[in-house]
Amino acid sequence: AAIDAAPSLSNDVLVTILPVHAQRIYGGTKRFELRKTVPRTVPRRVFLYESGTECGITGHIVVDRVIAGSPSDIWAATKELGTTQASFDKYFAGRTLAYAYQIATSVRYTHWIDRAAISHLEPGFRVPQNFLYLQNLPRLHAALKDVALSEAMATIRGPVTLKPFAHSSAQRFRQAVAKHIATSYLETGSSYADNLVAIAQTGLDAEGFLTERKMIYEVTVKSRPAGFVVFTLKRGGAVKTGPLILGETYRNRGIGGDLRQQFHAAFLKCGYRKVFATVPANNVPAVQYLLTAGYRLEAHLARQYHPDHDELVLGHMLTDTIGPGPEFIRPIMPCEDFTEVTKPSAEVCGFLKEEFSAVVCSVSDEWAEKQVSMACSSQPSFKPRRIFVGRGMGLVLLAVCLMKRGGSVKVILLSRTGHQPSMTDFLEFVKRTLTASASVRRIYTVVPAYDVDVIESFRVFGCVPEGILNRPYNSNSAMLVMGKLL
């Protein structure tokens, strides 16, 4: 039987493997990696530490699912796609339970990380007998995420390729953004391009909420510069693509479609589940191009980034893996004490981390502390956020408000109560406070499609459905988009 939980990129692990088995995985003849034990949280990506004369991390596998059962059941499901019968029987001798990672794909690194480099990153590193959660080795984990991505992107071959962004290309990128992007969005002039360049050069978006990383790549055709593409790596395993800007000479030649298929394959090899893009609703050629590339319309956002046109969200799933959806059973607890958070506290950070992980995607204590700290900061921010709480019998409501370009505010409502009047009153309080100190044209939200309590509170507040995003933040739940123009 497959283990219920869907694999997640939040749960990278490192395992030890014999070179003979690693070679079969990279060669494509070994489709199941057999294990006596597996992590409680199912990893989407498993890094392989090869033992033997030359020790090191030589690549990774992407996991479709984990299956469990008696050794006889697992042999029947895997057979020679795992190992030989003799090796299988020896490995599981005396065991009553066996596991197997079903491998979706694998990447063998051309520049792998040897034992000395690992020890430099993580002094005291010990080779795992079974597996290691890489979250416990943050420096090594960060290095491995970079290597995994660069090695996956390096698999793109052909006349149309992607080249890592270089500082010498910054001015051409700024000009391309000003010419092709700024006219369709508010607040996306030269400062927007400068911000993207600064983020790409560091690799990190210090003010990102669900963003882990932004990258700019230069598109080349037969080694000649042809344009640029921006990738935004999201928590939960999705990638936002765009803007993709091609020079006039390279348009309407199928280059964009070919390139998109190639980076789809590269992101799948890195373990990502989904790619998506947002485009102005009046940009018909861009919409047609994405539909032709296999994307599907998921949401129609009213006046999202500009008061004169709507925005469309189009998504494309890289994998069909689906896990069990969350349950929403809440006690009816009224509350009337609504305030904005102005000082960080362990209570607020703990609430945000626990509820956000349960509803949206897995996050760390450090992530929650960073969000609360940024909301309480008096320093100006490019993408400010504000946090509000509601108290009754303790802390029961929390809203994270993300101030977007062009006057939109994204409100993430986290609730431990099903009391509808309190939730609606809380949203009204949030709106009044926001509009008293900022120019806000629109409020919108994303809510798990089965969370009837929060959906009803936004409906009474005046938001209307604008679409359903297909599992944007995790493998378990679609998200309903709801919006309201002020």
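Helix α10 (residues 346–359) packs against helix α11 (residues 365–376) at an angle of about 125 degrees, and their axes lie 9 Å apart. α10 is therefore oblique to α11; angles under 35 degrees count as roughly parallel, over 145 as roughly antiparallel, 65 to 115 as roughly perpendicular, and the rest as oblique. The crossing of α10 past α11 is right-handed. On the α10 side the contact (heavy atoms within 4.5 Å) is made by V348, C349, L352, K353 and F356, and on the α11 side by D365, W367, A368, E369, Q371 and V372.

The model is predicted: local features need pLDDT of at least 70 and side-chain atom pairs count only at pLDDT 80 or more, whereas totals for chains, interfaces and linings use all residues. Residues are numbered from 1 along each chain as its sequence is written, and side-chain values use heavy atoms, with hydrogens and water left out. Helices (H or I, at least four residues) and strands (E, at least two) are DSSP runs numbered from the N terminus. Axes are lines fitted to C-alpha atoms, for helices over the stretch in contact, and angles run from 0 to 180 degrees between N-to-C directions.

A second pair is formed by helix α12 (residues 420–437) and helix α13 (residues 452–461). α12 is oblique to α13 and passes α13 in a right-handed crossing. Q420, M423, T424, L427, E428 and K431 of α12 meet V452, D453, V454, E456, S457, F458, V460 and F461 of α13.

The two pairs are set out below.

| Pair | Angle | Axis separation | Contact residues by class |
|---|---|---|---|
| α10 and α11 | about 125 degrees | 9 Å | 7 nonpolar, 1 polar, 3 charged |
| α12 and α13 | about 55 degrees | 9 Å | 7 nonpolar, 3 polar, 4 charged |

In these classes Ala, Val, Leu, Ile, Met, Phe, Trp, Tyr, Cys and Pro count as nonpolar, Asp, Glu, Lys and Arg as charged, and the others, Gly among them, as polar.

D310 belongs to strand β13 (residues 309–317). Its relative accessibility is 17%, so D310 counts as buried (under 20%; exposed is over 50%, partly exposed in between, with a 1.4 Å probe and protein chains only). The side chains of D310 and R303 are joined by a polar contact of 2.3 Å. Beyond its neighbours within four places in sequence, D310 touches residues including V279, P280, H300 and R303.

S10 lies in the segment before β1 (13–17). With 22% relative accessibility, S10 counts as partly exposed. Leaving aside neighbours within four places in sequence, S10 is in contact with Q135 and S362.

Conventions:
Polar contact = N/O pair within 3.5 Å; in protein donor to acceptor, adjacent residues only side chain to side chain. Left-handed = near helix turned anticlockwise from the far one by under 90°.
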